[in-house]
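These notes concern the packing of helices and the overall build of the model shown below. Please read them beside the sequence and the coordinates.

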Amino acid sequence: MEGKKIKKIIYDCPFCDEEHEILIMQYSAKAVIKNDEVQYIKNTYFCNRYNQEFVPAKIMDENLLAAREAYRMKHDYLTVKEIKRIREKYDLTQKEYARLLGVGDVTIQRYETKALQDGTYDMLMRLTDENPTYCLTLLEKNRLSFAEERYRLIRQAIVKQIRIRGE
């Protein structure tokens, strides 16, 4: 084992077929994403009884997300946390943010869970973050995509950001 021991948990081990103490390990790993190699921190589980490492599906998903986040950082794309921060700043759900941007309803959900945005979508999201007035323009353009009450509340959140920035 070359990795760093993070903590111990009780887990239903696939090798022993019983619950016992498992080590959570971290490694520096490399992945190729969009033909580009990135370095990220990978988590694995380790069974001391069988001296075997394994990666449960949930951890595999987290590792993949970590590799994608490394790609985003390497290429100066918005990270998942940054996308969520933008949504929260304007009090938007994932679906509402997608509608505000004029993209498919699940686009933002995918960016926050598994997919990488391209440069165009990244720039569009950055514009909404940096320029609340532009965000308001998008809301007005896509107004019919929102129920009246949600439109009103989202508009209030955007106007609040405009005031904060003194635009």
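1. The crossing of H2 and H5 is left-handed, a crossing being called left-handed if the near helix is turned anticlockwise from the far one by less than a right angle, and right-handed if clockwise. The model is a predicted one, in which local features need pLDDT of at least 70 and side-chain atom pairs count only at pLDDT 80 or more, while totals for chains, interfaces and linings use all residues. Residues are numbered from 1 along each chain as its sequence is written, and side-chain values use heavy atoms, with hydrogens and water left out.

2. H2 covers residues 80-89 and H5 residues 119-130, and their axes come within 10 Å and cross at roughly 45°; axes are lines fitted to C-alpha atoms, for helices over the stretch in contact, and angles run from 0 to 180 degrees between N-to-C directions. The two helices are therefore oblique to each other, given that angles under 35 degrees count as roughly parallel, over 145 as roughly antiparallel, 65 to 115 as roughly perpendicular and the rest as oblique.

3. On the H2 side, Ile-83, Arg-85, Ile-86 and Lys-89 meet Met-125, Thr-128 and Asp-129 of H5, where contact means heavy atoms within 4.5 Å. Sorted by class, the contact of H2 with H5 has three nonpolar, one polar and three charged residues; Ala, Val, Leu, Ile, Met, Phe, Trp, Tyr, Cys and Pro count as nonpolar, Asp, Glu, Lys and Arg as charged, and the others, Gly among them, as polar.

4. Helix H6 (residues 132-141) packs against helix H7 (residues 148-165) at an angle of about 160°, with the axes 9 Å apart, which makes H6 roughly antiparallel to H7. This crossing is left-handed. Pro-132, Thr-133, Cys-135, Leu-136, Leu-139 and Glu-140 of H6 make the contact with Tyr-151, Ile-154, Arg-155, Ile-158, Gln-161, Ile-162 and Arg-165 of H7, and by class there are eight nonpolar, two polar and three charged residues in it.

5. As a whole, the protein has seven helices and four strands, helices being DSSP runs of H or I with at least four residues and strands runs of E with at least two, numbered from the N terminus. The order along the sequence is β-β-β-β-α-α-α-α-α-α-α.

6. The radius of gyration of the protein is 21 Å, whereas a compact globule of 167 residues would have one near 15 Å; the value is taken over C-alpha atoms, and the globule rule is 2.2 Å times the number of residues to the power 0.38.
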